[in-house]
Number of protein chains: 2
Amino acid sequence: MDFNGQYNGYFERFEKKLSEILASLNTSAPALITDAMRYSVAGGGKRIRPVLCLSAADMLSADIEKACTYAVAVELIHSYSLVHDDLPAMDNDDYRRGKFSTHKKFGEAVGILAGDALLNFAFEVCLGQENLTDCDFAAMKILAESAGYSGMIAGQVLDLQYEKKDAGEKELYEIYSNKTAKLITVPLLIASALCSRAYYEQLERVGYHLGIMFQIVDDLLDVSGDLATLGKTPHKDEKEDKLTSVKVFGKTGAVKNAKFHYESALEILKKIPGSTFLCELANKIYGRNS
Amino acid sequence: MDFNGQYNGYFERFEKKLSEILASLNTSAPALITDAMRYSVAGGGKRIRPVLCLSAADMLSADIEKACTYAVAVELIHSYSLVHDDLPAMDNDDYRRGKFSTHKKFGEAVGILAGDALLNFAFEVCLGQENLTDCDFAAMKILAESAGYSGMIAGQVLDLQYEKKDAGEKELYEIYSNKTAKLITVPLLIASALCSRAYYEQLERVGYHLGIMFQIVDDLLDVSGDLATLGKTPHKDEKEDKLTSVKVFGKTGAVKNAKFHYESALEILKKIPGSTFLCELANKIYGRNS
């Protein structure tokens, strides 16, 4: 099967699982919160993290159905982080994935609560599985640690702290390796955890490089993109004087850096048997325009 | 040992465990987030949920050390809910436990992130235990479901929805049974889950009644209390036209209602062997003035 066919296969499989899980939300809960949760997770995203999880699971011959559940959990956490990130007190963004951000659509209080609910629900989904094993504990532990105060949230805090500050490469990497790379690495590590940690260290490094590269490409798109293509407000980083790769390295330097991390990821990936799809996926992330 | 001695014993044991866990926070994480997390959890609280957990575990002869870990997780979730509840877009409260609320002290963005971090950390703490068993899965599942969109968060959403609305007893119970009672019930159910679900249904009902009673007493204190005694701004419910037991039943009616739920909890508790401490604790919660 060609790359696009395989990508769509993972994508559809994930969307089906996500729909099932969202459809199973308790109907006795207030519609306002379940609507806001569904709105925040549904539609528009490229589902890169889920596709990373399913394709890595496939590559390692892990239980795909189980990987699918964790892919949903990762995407729930990714979505909550966007919902809270868009809040007025944070990045204050009215648009996300080409539509109103959650707080803009449902109000700020519901935006806060929907984010909380999505984060919490990620663990409900993991813990709702039957016959949990030690592999599940390992997977959940990776998820929790990567998303927490010393992972993704650390990155967001640093992102705020270095706004309008004169900081350099060291600080930039500190932000990116946490804010973005942690949640790009998680799906790969979970796939590995479901297979007795096969290629764990390698996949950890792959995720790091892919994550940094992903964020640099994001920075470059922010500089050159428009709302219609991006689905979110462009030129925001510049306006808010965020510490970005473009600010630190200049546009040409950022392009060079993205290339370095793409090639670093590729070099490690190529040594893992069956990694053709992941190599091509890395290439697509590298060359994306939205 | 007398009641106070026993209460202090549980309290100290919990504080020691909490301190250990907070002291173990990764020092490579940004100090801003770990400071905000510690600030939000530390000091002032009566630790009713942890004491419920430890005393129930004691009563059922559950593993107290394990119960202590879950007590920390419950308190982390309770604390995050207060941090987010105090945000300007939510209840907008500048004081909590006699000091500035987290967003007032650290800024709104850090308030949001600290809340997120505490919720996430609750699961990190649970999953960080060694040799996890099926009982642990059950305990974590109870925690996640009780705190989530169909538990505590549902209550908070309803609380917002019924603000300034003409609603009655049914809606009030819908809010209180979720917003407050779920996280009062959780410590009891976790203790039970650690002992093959001993007295599970009874403790679920006890938690429900204690939780409703706890919230009604809170309402009565809001009407009559002052900042110094309460540690939080009084008369807020009235000002914001919240749906409270005092609004629905009047002050006398609310007192009567609290009594009913106290007695209901007591009746069930008395039938569980070794429940003397929990019965007295219920009495203290009923008679508290802060």
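## Helix α8 of chain A

The buried residues of α8(A) are Met152(A), Ile153(A), Ala154(A), Gly155(A), Gln156(A), Val157(A), Leu158(A) and Asp159(A); buried denotes under 20% relative accessible area, exposed over 50% and partly exposed in between, with a 1.4 Å probe and protein chains only. Helix α8 of chain A spans residues 152-161, and because eight of its 10 residues are buried, it is largely enclosed by the rest of the structure. Helices (H or I, at least four residues) and strands (E, at least two) are DSSP runs numbered from the N terminus.

These buried residues pack against elements of both chains: α4 (64-85), α7 (134-147), α9 (169-179) and α10 (181-193) of chain A, and α2 (31-41) and α6 (108-127) of chain B. Contact is defined as heavy atoms within 4.5 Å.

## Basis of the model

The model is predicted: local features need pLDDT of at least 70, side-chain atom pairs count only at pLDDT 80 or more, and totals for chains, interfaces and linings use all residues. Residues are numbered from 1 along each chain as its sequence is written, chains are lettered from A and ligands numbered from 1 in the order in which they are written, and side-chain values use heavy atoms, leaving out hydrogens and water.

## Relation between the chains

Chain B is superposed on chain A by a rotation of 180° with 0.0 Å of shift along its axis, at an RMSD of 0.0 Å. That is the relation of a two-fold axis. In chain B, the C-alpha nearest this axis belongs to Asp116(B), at 3.5 Å. Superposition is by least squares on the C-alpha atoms of residues with pLDDT of at least 70 in both copies.

The copies meet through the same surface, because 100% of the interface residues of chain B are also interface residues in chain A.

## Overall fold of chain A

Chain A contains 15 helices and two strands. Its radius of gyration is 18 Å, close to the 19 Å that the globule rule gives for 290 residues, so chain A is as compact as a globular protein of that length. The radius is taken over C-alpha atoms, and the rule is 2.2 Å times the number of residues to the power 0.38.

Of the 290 residues of chain A, 61% count as buried. Among contacts in chain A with a separation of 6 or more, 73% join residues 24 or more positions apart.

## Phe249 of chain B

Phe249(B) lies in helix α14 (residues 245-270) of chain B and counts as partly exposed, at 22% relative accessibility. Beyond its neighbours within four places in sequence, Phe249(B) contacts Glu169(B), Leu172(B), Tyr173(B), Ala254(B) and Asn257(B).
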